[in-house]
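I opened the notebook today to record what I looked up in one model, starting with its aromatic rings and moving on to the core, the annotated sites and the backbone.

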Amino acid sequence: MEIIFGRNKKEQLEPVRARVTGKIPAWLQGILLRNGPGMHTVGETRYNHWFDGLALLHSFTIRDGEVYYRSKYLRSDTYTANIEANRIVVSEFGTMAYPDPCKNIFSKAFSYLSHTIPDFTDNCLINIMRCGEDFYATTETSYIRRINPQTLETLEKVDFRKYVAVNLATSHPHYDAAGNVLNVGTSIVDKGKTKYVIFKIPAPVPGGRKEGRSPLKDTEVFCSIAAHSLLSPSYYHSFGVSENYIIFLEQPFKLDILKMATAYIRGVSWASCLAFHGEDKTHIHIIDRRTRKPVPTKYHTDPMVVFHHVNAYEEDGCLLFDVITYEDGSLYQLFYLANLNEDFKENSRLTSMPTLKRFVLPLHVDKNAEVGSNLIKLSSTTARALKEKDDQVYCQPELLCEGLELPHINYAHNGQPYRYIFAAGVQWSPIPTKIIKYDILTKSSLTWREEHCWPAEPLFVPTPGAKDEDDGIILSAIVSTDPQKSPFLLVLDARTFTELARASVDVEMHLDFHGLFIPDAGRDPGKQAPSQEAPARAAAGRAAPRT
């Protein structure tokens with residue numbers, strides 16, 4: 001585990017050519033851009049949690065069968081402050097940083113006061129967001145950082161709060177065919193209310209970037225949902241969309257705002273203020289995209305924790321959505337660096353297994369239906385929705401399979417009926433050991449795995465002009481714990497799951513979180529400006545990032 005989690009990774013600032021074995025499809029041209037934690041110690045100080053590490057961007061530029069690799073730390077304000085001080089001076093979610101011990105008592109008192117309503121980090125280490133012609137490194141605070149996908153250069157810092165009142169926002173936006181971006185954030189005790197804000201970044205105006213106009217300036221509130229608790233809003237990592245609806249899960253994995261406000265002075269991390277409440281239910285909020293209002297029926301299910309939505313669609317008056325669920329919030333605890341040691345295998349058994357579940361909600365409830373009756377009549381699922389009093393519906397999911405995480409689909413089917421999920425497979429731990437193609441229709445799967453190999457999130461790229469859902473390739477960055485085996489980019493045939501090629505590089509590659517593929521970009525590794533065609537193609541839903 002030390003090889004994967006404990007060591008700071010070196011940057012690879014100049015493109016290095018990979019050794020390609022096999023044959024990369026001639027049509028595959030572009031950049032695979034990825035993001036994740038790469039530095040966990042600064043000077044003599046160390047982050048407590050793996051998710052706190054400083055963001056390290058890396059990319060694979062694919063051109064005419066050749067692959068070039070490079071990596072660079074995100075030059076966030078957080079990175080700069082830490083490196084200049086040679087110690088961790090900016091707090092992360094699992095690590096509270098403190099002022100210089102040489103400061104006087106008045107400086108310390110001011111620091112305590114300023115942390116009452118925390119100004120969160122801009123260490124954007126989770127994902128990459130596309131917004132028109134621009135690309136942003138993202139995290140779960142209100143900050144994002146624009147980057148150059150070719151050079152990995154860090155550009156300006158953007159605060160969502162300038163455009164919409166949110167303190168936190170997901171790293172997993174959705175994209176529609178018109179090029180609009182949908183996302184969800186939390187507005188904490190704003191004007192006496194805590195609410196979940198669904199906001200929309202409209203498609204860019206042609207030539208707007210040249211005129212200095214960013215689509216972010218036209219961000220609008222799409223819909224707001226009042227939190228069930230003013231001072232304990234739900235944690236969430238993603239959300240779902242279908243053609244006509246938005247799905248937001250308010251789960252009993254909650255952030256205690258009062259504890260958070262005093263965390264700094266009490267000497268504890270913000271993560272310690274996050275707790276799972278197994279006695280509470282999970283509220284399922286459905287927003288009609290046409291009216292921008294929640295549907296009147298109140299849906300709920302058992303307590304659970306969901307990090308990743310897979311997909312959602314509508315069928316015969318029902319809304320179906322698939323999610324990866326956990327029984328509680330113990331997964332987050334496992335990734336404290338103190339647990340990522342020689343006892344990791346044993347520690348990981350204390351977490352619940354990720355389970356793929358399908359929920360089915362009736363969009364129109366028969367008022368004459370008996371209380372306790374099942375409102376779902378679809379023959380394709382065993383999921384149930386039981387009518388309760390006062391227009392409430394209790395949802396019982398169908399268990400599809402266990403051991404999947406970091407799900408990805410053919411994004412052309414996002415919000416539409418679909419069949420295949422491409423995901424990382426986990427066994428005795430939440431760290432992936434294989435890549436899986438799961439067939440929802442037949443409940444069967446195909447698998448790629450190799451000894452001592454730890455794959456990143458698999459990303460689907462469709463063949464140009466593809467008609468079949470699985471006509472394309474899978475890309476995954478593979479880290480190896482075998483010192484004799486270099487890390488590599490894996491290229492799989494998405495239909496058969498056979499290996500087409502791998503591109504090995506002699507670098508210190510890190511295990512990342514999420515990213516995207518930018519088609520037709522990077523003709524000259526590290527020098528050319530982003531392709532003007534790529535955002536348009538992504539907006540059409542062919543190669544956008546997946547939650």
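Entry 1, aromatic rings. I took rings of Phe, Tyr and Trp (for Trp its six-membered ring) as paired if their centres lie within 6.5 Å, with planes under 30 degrees apart counted as stacked, over 60 as edge-to-face and the rest as tilted. What I searched is a predicted model, in which local features need pLDDT of at least 70 and side-chain atom pairs count only at pLDDT 80 or more, while totals for chains, interfaces and linings use all residues. I number residues from 1 along each chain as its sequence is written, and the side-chain values use heavy atoms, with hydrogens and water left out.

I ran the search over the whole structure, and it gave 22 aromatic pairs. In the pair of F51 and F335, the ring centres are 5.1 Å apart and the planes stand at 25 degrees, so I noted it as stacked. This pair links distant parts of the chain, since F51 is in the loop between strand 5 (45-46) and strand 6 (54-63) and F335 in the loop between helix 6 (330-334) and helix 7 (344-348), 284 residues apart. Helices (H or I, at least four residues) and strands (E, at least two) are DSSP runs, numbered from the N terminus.

I then checked accessibility, where buried means under 20% relative accessible area, exposed over 50% and partly exposed in between, with a 1.4 Å probe and protein chains only. F51 has 28% relative accessibility and counts as partly exposed, whereas F335, at 6%, counts as buried. I also recorded Y236 and F248, an edge-to-face pair with 4.9 Å from centre to centre and 80 degrees between the planes. Y236 lies in the loop between strand 16 (220-226) and strand 17 (240-241) and F248 in strand 18 (residues 245-250), so the pair ties together parts twelve residues apart in sequence. Y236 and F248 are both buried. Ring pairs also join W50, F51, F93, Y332, F335, Y336 and F513 into a cluster.

I counted a charge as over a ring if NZ of Lys or CZ of Arg is within 6 Å of the ring centre and within 35 degrees of the ring normal. K437 lies over the face of Y420 at 4.5 Å from the ring centre, and R502 lies over the face of F488 at 4.1 Å from the ring centre.

I used the term for a set of buried Ala, Val, Leu, Ile, Met, Phe, Trp, Tyr and Cys residues joined through side-chain atoms within 4.5 Å. The largest such core has 108 residues, and those with the most contacts inside it are I284, I286, F321, L356, L361, Y438 and L475. Strand 25 (residues 318-326) supplies the largest share of this core, seven residues. Taking contact as heavy atoms within 4.5 Å, I found that F321 touches, among others, I247, L249, I284 and L361, not counting residues up to four places away in sequence. There is a second, separate core of 16 residues, which includes M129, V166, A169 and I201.

Which residues does UniProt list for "binding site"? The unreviewed entry lists H172, H237, H308 and H514; such annotations may be inferred rather than shown by experiment. These residues span 343 residues in sequence, yet no two of their C-alpha atoms are more than 12.4 Å apart, so they gather at one spot. I placed H172 in the loop between strand 12 (168-169) and strand 13 (174-175), and H172 is buried, with a relative accessible area of 1%.

K443, in the loop between strand 32 (434-439) and strand 33 (444-449), has a positive phi near 60 degrees and, at 40% relative accessibility, counts as partly exposed. F497, in the loop between strand 37 (488-493) and strand 38 (499-504), has a positive phi of about 65 degrees and, at 6% relative accessibility, counts as buried.

I noted eight helices and 39 strands, with buried residues making up 59% of the 547 residues in the chain.
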